Amino acid sequence: MTTIGFIGSGHIGSQLARLAVRSGYDVVVSNSRGPETLSELVAELGAHARAATAREAAAAADIAVVTIPLRNIDQVPVGELAGKTVIDTNNYYPQRDGSIPALDAEETTTAELLQAHLPSSHVVKAFNHIYASDLTSDPLPAGSPGRRALVIAGDDEHAKTQVSGLIDEFGFDVVDAGPLAEGWRIQRDTPGYGPRLDAAGLTQALAAAKRYRDR
Ligand SMILES: NC(=O)c1ccc[n+]([C@@H]2O[C@H](COP(=O)([O-])OP(=O)(O)OC[C@H]3O[C@@H](n4cnc5c(N)ncnc54)[C@H](OP(=O)(O)O)[C@@H]3O)[C@@H](O)[C@H]2O)c1
């Protein structure tokens, strides 16, 4: 049985945990306040879910999901995630996260910041451009006409294959944007960020994305 460990169990984390349990995975959810604050979510998710500290969720994870405000990524456990595939859903909102100069200067991307914090993990950008509520309303079986597609970006091919499989099981097609450094193509304010697009539409949206400096 594969366990998905969640660092963060808010809008996106709880929705991905629902999809994971539906798809037959065990989940360990965590947040900043402690496992006792997640009892309602765990009761809803059922026998394949439990709550733990972030460190315990990271240690239990075969695949981890980091889905927290970007300003807190320095608090993500490092050693417990070494060697593991880590999904990064995070976006940069300066009004929420404070100013991050390397992002303001477009010298790096959100997922590369997490990768720098987790040098021995394999970070894959995913699920950052879909509204939390759409995660459970939009899934369709593979092969359905107009099936919604989601982007991945990452530097490790094995990790990308793992995450692609997960996305397909969750009910979405996958569009590979390339390495982590290309993740800016699906960041806030790009054409692919938010709308419901199939694989062809999302591929076009990635190609049409512009850097802030080129606008
Ligand atoms: N909402 C969306 O539709 C959406 C869509 C795509 C991507 N995103 C991005 O995904 C990330 C999560 O968004 P969200 O809407 O799910 O946020 P949210 O509802 O505010 O949930 C954030 C979660 O992170 C937890 N957390 C905060 N600091 C933590 C830490 N140091 N260690 C462990 N857990 C911590 C919070 O726990 P406590 O509540 O205990 O503090 C909470 O469970 C953000 O970067 C966001 O921009 C959001």
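Which residues have the most contacts inside the largest nonpolar core? They are Ile7, Val29, Ala64, Val66 and Ile87, in a core of 62 residues. The structure is a predicted model, in which local features need pLDDT of at least 70, side-chain atom pairs count only at pLDDT 80 or more, and totals for chains, interfaces and linings use all residues. Residues are numbered from 1 along each chain as its sequence is written.

View 1. A nonpolar core is a set of buried Ala, Val, Leu, Ile, Met, Phe, Trp, Tyr and Cys residues joined through C-beta atoms within 7 Å. Buried means that 20 or more other C-beta atoms lie within 10 Å of the residue's own, with C-beta atoms placed from the backbone. Leaving out residues up to four places away in sequence, Val29 touches Phe6, Leu38, Val42 and Ala57, among others; contact requires C-beta atoms, placed from the backbone, within 7 Å.

**View 2. The shell around the ligand.** The ligand is surrounded by 24 residues, the closest being Gly8, Gly10, His11, Asn31 and Asn90; the C-beta atom, placed from the backbone, must lie within 6 Å. Helix H1 (residues 11-22) contributes the most, with 3 residues; helices are DSSP runs of H or I, at least four residues, and strands are runs of E, at least two, numbered from the N terminus.

View 3. Over residues 3-92 the chain is 29% helix and 23% strand, and the end C-alpha atoms are 28 Å apart.

Technical notes. A residue is buried if 20 or more other C-beta atoms lie within 10 Å of its own, exposed if 12 or fewer, and partly exposed in between; C-beta atoms are placed from the backbone. Two residues are in contact if their C-beta atoms, placed from the backbone, lie within 7 Å.
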